[in-house]
Amino acid sequence: MDLVTHKTLQFARPRADVWSAMGDVGSYQRWWPWLRSFEARALASGEAWHCTVRPPLPYTVKFTIAFEDVVAERYAQAHVSGDVAGDATLTLDDTDLGCVVVVRSNLSPRSTFLRLLASTFPPVARYGHDWVLSTGADQFAMRALNADERDTTT
């Protein structure tokens, strides 16, 4: 079971502010307590982020995000490897209300446990994935941007 995501997030802040907050990797674990471990230096081409995530389910997911192409305030493309693997992109554009961020990913479970979970209980696997993305976006808006006027479209 592949977890394909296309999520559009609207933030009532300028694109430069949203990008600046995304680049504040030292604050990620404070914003997201479910991010159990995180090693990263920057949001830049050639960087690798090592992550351990604990959704509100009885399992943990470990993965690395390797940034292949990053254009500040515009775009980030990455390859994901570990317990889940695949590709992800993030694009930012200006809107009349601030900034729109589009997250696209196509991830497949790679660990034995996650493959079993995805094949046996697909809704549980989807819930864990979607929870991390939705909760992460909400907490980013509240904690990183200090904004609660976010509209999310899936």
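What share of the contacts in the protein chain with a separation of 6 or more comes from residues 24 or more positions apart? The figure is 50%, where contact means heavy atoms within 4.5 Å.

Some ground rules. This is a predicted model, in which local features need pLDDT of at least 70 and side-chain atom pairs count only at pLDDT 80 or more, while totals for chains, interfaces and linings use all residues. Residues are numbered from 1 along each chain as its sequence is written, and side-chain values use heavy atoms, leaving out hydrogens and water.

The protein chain has 4 helices and 8 strands, taken as DSSP runs numbered from the N terminus (helices H or I, at least four residues; strands E, at least two). Starting at the N terminus, the order is β-α-α-β-β-β-β-β-β-α-α-β. Of the 154 residues, 46% are buried, meaning under 20% relative accessible area, with exposed over 50% and partly exposed in between (1.4 Å probe, protein chains only).

Now helix 1, residues 15–22. Its buried residues are Arg-15, Val-18, Trp-19, Ala-21 and Met-22. Down the axis of helix 1 they fall within an arc of 160°, so they line one face; the arc is that of the directions from the helix axis to the C-beta atoms.

Next, helix 3, residues 112–120. Here Leu-114, Leu-117 and Ala-118 are buried. They cover an arc of only 95° around the axis, which puts them on the same side of helix 3. Those buried residues pack against strand 4 (61–71), strand 6 (84–95), strand 7 (98–109) and helix 4 (122–144). On the face turned away from the buried side, helix 3 carries the exposed residues Thr-112, Leu-116 and Ser-119.
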